[in-house]
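Please look over the sequence and the structure that follow, and then read on for a guided walk through some of the charged pairs.

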Amino acid sequence: MDDLPVNIENLTSLTHPQYQIVAVLLMVGYGAHFAFTLFFLSTSTLIAPRYRLVPWMSAVVMVAAGLSLLRESMVFTDSYSFVGGLWMPVADQVFSNAYRYANWTITIPLLIAQLLLALNLPAKTTRHRFYALTAAAIAMIWTGLIGQFYESQAVGTMLLWGFISTIPFVYLVWGVRSALKDSEANSPVQLHPWTRKLFFYFLFFWGLYALAYMVPAFGDGGNAVVVRQFMYTVADIFSKLVYGIILSQFVLRRSALEGFGPAEQALTKWAGGPGGVDASTLPDEVATPTPDRGAS
Ligand code: RET
């Protein structure tokens, strides 16, 4: 397989712990994404109808990512056989991280769309930014996809494509930053700290994918396989799942601040409690618990 454009996973044996860690990481990945589909669908009713697409898009992202990781996991277990105390790559099965890139082509436009919808920018700005950021994201993913085919044979070529891919990524980061900044003009002040923190959150966890891409430049053995799948799993969970929870919480607060009853009730219940909202930041009618809630 040396002369085929394959991932490092196909060229190295794995010890039993290395194999187990990757198998568990992939399982945690698809399990968490599938499970949280239910969370996003069930909590969406607390959010004002105009922002409800945000959790619904998270639910779609969860299913798409769950299926992709399930497939990745099945291909991983099919790609090795246990021989002489080691997990050896099998000759007639190719493991590929390309499934991930295919999946990002679907999920990233959704992640961008849900951010823009949560920010409640004017419709025209939202549309323009969506097209520009999605075009940059597709350019980033597909140039990275080409590059990762060179990781086992020509690390220099891989890094060159990685560099090309970083150019649209920088544009994407800049676009997200300016969308977040623009949103402050039409967002209640209580939401401003959220938008500032969101940028660094986004930068860190999306950047983790770029770091994972570079792992074959530093090693191509079993540890490199484990480190890369670990980085992918962390990036997946935080840039899709936890990101979805944060955006849902963000639009839940926005809904409450705009006077949407179910959101007000959901937040009032926890007002003053650990991690709850400060009641003084909510409209008056929200800050006063109703008698039945006070009694419980
Ligand atoms: C690549 C190639 C190397 C350079 C850069 C990359 C960036 C990838 C990113 C991926 C984000 C994926 C997400 C998936 C969600 O489902 C393509 C690895 C910069 C930022 C958020």
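Is Glu9 buried or exposed? Glu9 is buried, with a relative accessible area of 1%, where buried means under 20% relative accessible area, exposed over 50%, and partly exposed in between (1.4 Å probe, protein chains only). This is a predicted model, in which local features need pLDDT of at least 70 and side-chain atom pairs count only at pLDDT 80 or more, while totals for chains, interfaces and linings use all residues. Residues are numbered from 1 along each chain as its sequence is written, and side-chain values use heavy atoms, with hydrogens and water left out.

Searching the whole structure gives seven salt bridges, a salt bridge being a side-chain nitrogen of Lys or Arg within 4 Å of a carboxyl oxygen of Asp or Glu. One of them joins Arg228 to Glu9, with the closest N and O atoms 2.8 Å apart. Because Arg228 belongs to helix α7 (residues 222–257) and Glu9 to the segment before α1 (16–43), the pair ties together parts that are 219 residues apart in sequence; helices here are DSSP runs (H or I, at least four residues), numbered from the N terminus. Arg228 is also buried, with a relative accessible area of 1%.

A further salt bridge links the side chains of Arg100 and Asp236 (2.9 Å, N to O). Arg100 lies in helix α3 (residues 98–119) and Asp236 in helix α7, so this pair ties together parts that are 136 residues apart in sequence. Both Arg100 and Asp236 are buried, and they join Glu72 and Lys240 in a network of salt bridges.

Key: Helices (H or I, at least four residues) and strands (E, at least two) are DSSP runs, numbered from the N terminus.
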